[in-house]
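This report describes a protein structure for a reader with a computational background. The chain and its coordinates are shown first, and the description follows.

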Amino acid sequence: LLGDEIISFKNAILLEEGKYKIDTIKRGLFGTEQFINTHTQTDRFVLLNDNIVNIELPTSAINHNFVIKAVNYGYDIVNADEIEINFAANNLKPLSPINLEGEVQPNNDIIINWQRRTRQNSYISASYLPIPLAETEEKYIIEVLDGADIIREILVFEPDFTYTESMQITDFGGVQSAYSIRVSQVSARVGKGFASEAEITI
């Protein structure tokens, strides 16, 4: 774990104290691709091995802060530093959709569609089989953006949406040459998942 991105590597060569060279790197694993460009020089590095302990927390704890202490075996926890963390439940959030695209119709309506991903372990033997939902209900939030501002937000229950010409006129005063669209799958447990964003050109 580097920052919030999960990576894998094959070999690690010690160059000097606290400095390694790693190779055969795979990045953005397990739905952490959105953290690839967020790194700083002070990022944490945690080797994800069998020594990692998973702490089960109820969904009521999501978005709450906790103070924790941790020490190596044989050390007194009384002397350990306190660390405050926020339980964001990233491992429960729906993954960002893929293949987000739009098709402009002759009447200037835009049919926007995408494909969901899943955290559910599954083996799909044919490309025409549906991706497991892994949620109690299929639903998505679509956001139409103007820079950083959200101009329109829509909740839909299928992986497509028609952004009509009348909506475009309401939102922008007329049909534009391009639109920035953001889509997130919604979970009943943790709310909005990780988003995909695309610019759709007319």
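## Burial and overall form

In this predicted model, 28% of the 202 residues of the protein count as buried. The protein exposes about 14,000 Å², and carbon and sulfur atoms supply 50% of that area. Among the contacts with a separation of 6 or more, 48% are accounted for by residues 24 or more positions apart.

The protein contains 1 helix and 13 strands. Read from the N terminus, the order of elements is β-β-β-β-β-β-β-β-β-β-β-α-β-β. The radius of gyration is 22 Å, well over the 17 Å that the globule rule gives for 202 residues, so the protein is more spread out than a compact globule. The C-alpha trace spans about 70 × 40 × 40 Å along its principal axes.

In soluble globular proteins, nonpolar side chains tend to be buried together. Here the largest nonpolar core has 16 residues, of which Ile 112, Trp 114, Ile 142, Phe 161 and Ile 181 touch the most other members. At least two residues of this core come from each of strand 8 (110-115), strand 9 (140-146), strand 10 (149-156), strand 11 (160-163), strand 12 (178-187) and strand 13 (191-201). Another core, of 5 residues, lies apart from it and includes Ile 62, Phe 87, Ala 89 and Val 190.

With neighbours within four places in sequence left aside, Ile 112 is in contact with Leu 100, Glu 101, Gly 102, Pro 159, Asp 160, Phe 161, Tyr 163, Ile 181 and Ile 200. Under the same exclusion of sequence neighbours, the contacts of Asp 160 are Ile 112, Asn 113 and Trp 114. Asp 160 and Tyr 140 are separated by 20 residues in sequence, while their C-alpha atoms are 9.2 Å apart in space.

## Nonpolar surface patch

Val 53, Ile 55, Leu 57, Phe 66, Ile 68, Ile 83 and Ile 85 make a nonpolar surface patch of about 630 Å². Strand 5 (65-68) and strand 6 (83-86) each supply at least two of the patch residues.

Ile 83, one of the members of this patch, is located in strand 6. Its relative accessible area is 48%, and Ile 83 is therefore partly exposed; a residue would need over 50% to be called exposed.

Most residues other than glycine have a negative phi. Ala 89, although not a glycine, has a positive phi of about 55 degrees. Ala 89 is found in the loop between strand 6 and strand 7 (98-104), and this residue is buried, with a relative accessible area of 3%.

Asn 108 is also a residue other than glycine with a positive phi, near 75 degrees. Asn 108 is placed in the loop between strand 7 and strand 8. With a relative accessible area of 24%, Asn 108 is partly exposed.

## Salt bridges

The number of salt bridges comes to 9. In one of them, the side chains of Arg 117 and Glu 33 meet at 2.5 Å, N to O. This pair links distant parts of the chain, 84 residues apart: Arg 117 is in the loop between strand 8 and strand 9, and Glu 33 is in the loop between strand 4 (26-29) and strand 5. Arg 117 is partly exposed, with a relative accessible area of 22%, and Glu 33 is partly exposed with a value of 27%.

Arg 116 forms a salt bridge with Glu 138, in which the closest N and O atoms are 2.9 Å apart. Arg 116 and Glu 138 both lie in the loop between strand 8 and strand 9, so the pair ties together parts that are 22 residues apart in sequence. Both Arg 116 and Glu 138 are buried. A further salt bridge joins the side chains of Glu 137 and Lys 139 at 4.0 Å, N to O, and Glu 137 is partly exposed, with a relative accessible area of 39%. Finally, Glu 143, Arg 182, Lys 192 and Glu 197 are linked in a network of salt bridges.

Methods
Residues are numbered from 1 along each chain as its sequence is written. This is a predicted model: local features need pLDDT of at least 70, side-chain atom pairs count only at pLDDT 80 or more; totals for chains, interfaces and linings use all residues. Side-chain values use heavy atoms; hydrogens and water are left out. Patches are made of residues with over 30% relative accessible area and no salt bridge: like charges are joined within 9 Å, nonpolar side chains (Val, Leu, Ile, Met, Phe, Trp, Tyr) within 5 Å. Accessible areas come from the Shrake-Rupley method with a 1.4 Å probe; for residues, only the protein chains shown count as cover. Helices (H or I, at least four residues) and strands (E, at least two) are DSSP runs, numbered from the N terminus. Buried means under 20% relative accessible area, exposed over 50%, partly exposed in between (1.4 Å probe, protein chains only). The radius of gyration is taken over C-alpha atoms; the globule rule is 2.2 Å times the number of residues to the power 0.38. Contact means heavy atoms within 4.5 Å. A nonpolar core is a set of buried Ala, Val, Leu, Ile, Met, Phe, Trp, Tyr and Cys residues joined through side-chain atoms within 4.5 Å.
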